[in-house]
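Please look over the protein shown below. A short briefing on its helices, sheets and cores follows.

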Amino acid sequence: MVDYIIIGAGSAGCVLANRLSADPAVRVLLLEAGKRDTSPFIHMPAGVAQLIKGSAYNWGFETAPEPELENRRLFWPRGKGLGGSSSINGMIYIRGHARDYDHWRQLGNEGWSYDEVLPYFRRSINQERGEDNYHGVGGPLNVKDSNASLETHQRFIDAGQKAGYPFNPDFNGADQEGVGPYQVTKIGTQRCSAARAYLTPIVDRPNLTVETGARTTRILLEGKRAVGVEYEVGNQRRTAMAEREVLLSAGAVQSPQLLQLSGIGDPEMLTAVGVDVHHALAGVGRNLQDHLDVVVQYHCTDPNMSLQKQARKWKLPFILLQYLMFKSGPSTENPLEAGGFVKSRPDLALPDLQLHFIPAFMIDHGRTMESKPGLCIHVCQLRPESRGEIRLASADPKADPVIAPHYLTASPDLQVMIEGVRIARKIFQTDPFSDFLGEEYETSRGAENDEEIEGFVRRTAETIYHPVGTCKMGHDDLAVVDARLRVRGIERLRVVDASIMPTLVGGNTNAPAIMIAEKAADMIVADSAA
């Protein structure tokens, strides 16, 4: 018997394990289906290229065929192992826009305005540049300004300004709009994942037990109360009981899946796959939102301006050896060091597009190598109106769920993407790129009018890895948790991860997931003491 069981050692689960076990009288069990974060590719900033291809630290999901994207099945990488997706992501530290959180509060979620969540963002980080109104120091997660060290990164920032967008040195400060360098979760020349930040320093606490290779199959319920979990390690089935609470932090795909496997969800959806209904909650798995992304790419006439030169296969062993021996070399840099937040229309109040610049070709999530030098701008629509769902494919807890994002089912989303393609091209066609910009890449070359660009988007758009919303916080009929993240109608059960977001924030989602867990930890402690 323990006090708290945490399901999932991703970004949120690592935070909870750290904060709750800080009280030596509290016993915490952290269950993670994946491995320990021992691979050198996790800690190497450029190692994401290898991790995303493999299955050791990546669930490697696929969506159902997407009707608005030519019925393609899209690759959905999600982190598997200590640190979750923070161990395989691009390390960009972005919070979203302040108004995103004010909107959550306007939806009736007390305590979630920007002014109320900002202290948790500040508490979670150690910003190397120092403390100010927006950034904290002394927190577990190390955040630093990227160097934008390659000449090409600076060329992108200059080009963005030439195209009419302001320079912004801090996307997490007073204003989000503009182009500039990203902040990244690095410590020295290594990745600072949630596991490195929150779990590694405290993993030896005697009141904390961390089990890896432990796949949770069901939440145990007595009436309308969560009392424990059932999980498997290898072929062995185990149970663990929680005296206080079960905390579900398995992410936007697997948190709703586990609720459904436990009989909590839409009765019609559950009975269709042979799961007994224990508690009717129609919103479980619904309200899925994600950032759709399309990549505008150009050939590069100067190989020195592109990372493709460094990625040649014969060089990789030497680059890896340099990193392993000296923690130096090209693999210590994150290619995602510059980007921007811009508006698809000048009359908008907030940026609705995010740009990620990479001085390389990016084909099929980087899984397909292109030997020729290239440059690309990822164009990501920040506030989609389309809504999808996660549902069980079967009652088998080891079967992947059905992931149906329903991208572009809301027609305004497509127009934003079309305008984003034009903006990326406008940036590429400015003077800072003129002396080494080649032809546009074949997939989009010649797509000029709306109909042609629409075809390019439908043929090539992919996720940029920000699914949220499937256990939404709120008060309406689709709300799964309340403002204190307690599952509606079930005692001693909370969901603490990005799935609780009622609406998708305007930016990368790792920093918000960490903030959510920081705030949740305070609420859990306060509720326990009440």
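How do H11 and H13 lie relative to each other? They are roughly perpendicular, a label for angles of 65 to 115 degrees. This is a predicted model, in which local features need pLDDT of at least 70, side-chain atom pairs count only at pLDDT 80 or more, and totals for chains, interfaces and linings use all residues. Residues are numbered from 1 along each chain as its sequence is written, and side-chain values use heavy atoms, with hydrogens and water left out.

**Two crossing helices**

- Helices (H or I, at least four residues) and strands (E, at least two) are DSSP runs, numbered from the N terminus.
- The axes of H11 (residues 411-428) and H13 (residues 450-460) come within 10 Å and cross at roughly 100 degrees.
- Axes are lines fitted to C-alpha atoms, for helices over the stretch in contact, and angles run from 0 to 180 degrees between N-to-C directions.
- Contact means heavy atoms within 4.5 Å.
- On the H11 side, the meeting residues include Leu 414, Met 417, Ile 418 and Val 421.
- On the H13 side, they include Ile 453, Phe 456 and Val 457.
- The residues of this contact divide into seven nonpolar, one polar and five charged.
- Here Ala, Val, Leu, Ile, Met, Phe, Trp, Tyr, Cys and Pro count as nonpolar; Asp, Glu, Lys and Arg count as charged; the others, Gly among them, count as polar.

**A mixed sheet**

- Strands S5, S6 and S8 form an open sheet in that order, with mixed pairing.
- Two strands pair if DSSP finds at least two bridges between them.
- S5 (125-127) and S8 (183-184) are the edge strands, and each pairs on one side only.
- S5 and S6 (residues 141-145) pair in the parallel sense over three bridges.
- Asn 126 has Asn 142 in S6 as its bridge partner.
- Helix H5 (residues 114-124) lies across S5 and S6, at about 70 degrees to S5.

**An antiparallel sheet and its helix**

- Another open sheet has three strands in the order S17-S22-S23, with antiparallel pairing.
- Its edge strands are S17 (286-288) and S23 (402-404).
- From one strand to the next, the twist averages 30 degrees.
- Three bridges join S22 (residues 388-391) to S23.
- Glu 389 has Ala 404 in S23 as its bridge partner.
- Helix H8 (residues 251-261) packs on this sheet and touches S22 and S23.
- The direction of H8 makes about 50 degrees with that of S22.
- H8 is mostly covered, with 10 of its 11 residues buried.
- Buried means under 20% relative accessible area, exposed over 50%, and partly exposed in between (1.4 Å probe, protein chains only).
- Just after H8, Gly 263 takes a positive phi of about 85 degrees.

**Nonpolar cores**

- A nonpolar core is a set of buried Ala, Val, Leu, Ile, Met, Phe, Trp, Tyr and Cys residues joined through side-chain atoms within 4.5 Å.
- The largest one has 85 residues, and Leu 16, Trp 112, Leu 259 and Leu 485 have the most contacts inside it.
- Helix H14 (residues 510-529) gives the most to this core, with nine residues.
- Beyond its neighbours within four places in sequence, Trp 112 contacts residues including Tyr 101, Trp 104, Leu 485 and Met 515.
- Apart from this core lies another, of 48 residues, among them Ile 377, Val 416, Leu 437 and Val 457.

**A buried charged residue**

- Glu 230 sits in strand S13 (residues 225-233).
- Glu 230 counts as buried because its relative accessibility is 12%.
- Not counting residues up to four places away in sequence, Glu 230 touches Arg 215, Arg 218, Arg 237 and Arg 238, among others.

Notes:
Parallel < 35°, antiparallel > 145°, perpendicular 65-115°, else oblique.
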